[in-house]
Amino acid sequence: MLEKAVFFRGASKADSLPQSVVEIVLSGRSNVGKSSVINALCSQKNLARTSKTPGRTRSINVYSVAMRKWIIDLPGYGFARVSRQEKDLWNKMIEECIIQRKSKKVIYIIVDAFVGPTELDFDMAHWLSDYSVPFKIVANKCDKMPKGITEDEIQIKAAECFGIDKVNVFAVSAKKDNGFGKLRIDIVKFLSCKG
């Protein structure tokens, strides 16, 4: 299912997007590797454009997996070298995409497993909780973790940090294409629901 994903469109305003049935929304800070996660998730090298410059994704990028079933890549938060005004516009765009759109959705917050979750990651999680929007954690860059630290340990630590169940934490390495089995199963299961 995910390997058939195609780029659908980019949008600067959420209300310009047509209605979908279900949406997987990927969120995270600017240099956490969201585009690389999308490519690894969908087993495609160039589906999402990657960049060494944080904050390159400046629009809502939508990938169609099946009819009206989408993966949405939001602009990254923090560290991007843009004006305060543009950051405010991004925040508004993200809020409109997550809160105002009525599609059934779940948010995957991508965090850096090596650096650990930042204040901005916790802010996003608290904000989603305040609006009763379900979220899960994807700990990317696990290849940078010291040898001997297990996937289970990463999951337990992240679950404790965010106050969620361990089953809602996925430890992956987009660079090494490791750990995506469980995440793919989780996402496909959600995308297969009828909304």
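# Helices, sheet and loops

User: Which exposed residues lie on the face of helix 5 turned away from its buried side?
Analyst: Helices are DSSP runs of H or I with at least four residues and strands are runs of E with at least two, both numbered from the N terminus, while residues themselves are numbered from 1 along each chain as its sequence is written. The model is predicted, so local features need pLDDT of at least 70 and side-chain atom pairs count only at pLDDT 80 or more, while totals for chains, interfaces and linings use all residues, and side-chain values use heavy atoms, leaving out hydrogens and water. Buried means under 20% relative accessible area, exposed over 50% and partly exposed in between, with a 1.4 Å probe and protein chains only. On this scale, the exposed residues of helix 5 on the face away from its buried side are Lys182, Ile185 and Lys189.

User: Within what arc do the buried residues of helix 5 fall?
Analyst: The buried residues of helix 5 are Phe180, Leu183, Asp186, Ile187, Phe190 and Leu191. The arc is taken over the directions from the helix axis to the C-beta atoms. Seen down the axis of helix 5, these buried residues line one face of the helix, because they fall within an arc of 130°.

User: In what order do the strands of the open sheet lie?
Analyst: Two strands pair if DSSP finds at least two bridges between them. The open sheet has 7 strands with mixed pairing, in the order 1-3-4-2-5-6-7.

User: Which strands stand at the edges, each with a single partner strand?
Analyst: In the sheet order 1-3-4-2-5-6-7, each edge strand has a single partner, so one side of each is left without a neighbour in the sheet. These are strand 1 (6-11) and strand 7 (169-171).

User: Over how many bridges do strand 6 and strand 7 pair?
Analyst: In this pairing, Ile137 stands opposite Val169 in strand 7. Strand 6 (residues 135-140) and strand 7 are paired in the parallel sense, over 3 bridges.

User: How many residues of strand 6 are buried?
Analyst: Phe135, Ile137 and Ala139 on one side and Lys136, Val138 and Asn140 on the other are all buried, which covers both faces of strand 6. On the strand 5 side, the two strands run parallel and are joined by 6 bridges, with Ile110 opposite Val138 in strand 6. Strand 6 is largely enclosed by the rest of the structure, because its buried residues number 6 of the 6.

User: At about what angle does helix 3 run to strand 5?
Analyst: Axes are lines fitted to C-alpha atoms, for helices over the stretch in contact, and angles run from 0 to 180 degrees between N-to-C directions. Helix 3 (residues 119-130) lies across strand 2, strand 5 and strand 6. Its angle to strand 5 is about 165°.

User: Which residues of helix 3 make the contact with helix 2?
Analyst: The axes of helix 2 and helix 3 come within 11 Å and cross at roughly 35°. Contact means heavy atoms within 4.5 Å. From helix 2, the contact is made by Ile94, Glu95, Ile98 and Ile99, and from helix 3 by Met124, Trp127 and Leu128.

User: Which residues are exposed on the other side of helix 3?
Analyst: Asp121, Met124, Ala125 and Leu128 are the buried residues of helix 3. They cover an arc of only 95° around the axis, which puts them on the same side of helix 3. What covers them includes strand 2, helix 2, strand 5, strand 6 and helix 4 (151-162). On the other side, the exposed residues are Glu119, His126 and Asp130.

User: Against which elements do the buried residues of helix 4 pack?
Analyst: Ile154, Gln155, Ala158, Ala159 and Phe162 are buried in helix 4. They fall within an arc of 125° seen down the axis, so they line one face of helix 4. The face turned away from that buried side carries the exposed residues Lys157 and Glu160. The buried residues themselves pack against strand 5, helix 3, strand 6 and strand 7.

User: What is the relative accessible area of Asp177?
Analyst: Asp177 is found in the loop between strand 7 and helix 5. Although Asp177 is not a glycine, it has a positive phi of about 55°. Asp177 is partly exposed, and its relative accessible area is 46%.

User: Near what value is phi of Arg68?
Analyst: Arg68 lies in the loop between strand 3 and strand 4, and is partly exposed with a relative accessible area of 41%. Most residues other than glycine have a negative phi. For Arg68, a residue other than glycine, phi is positive, near 60°.
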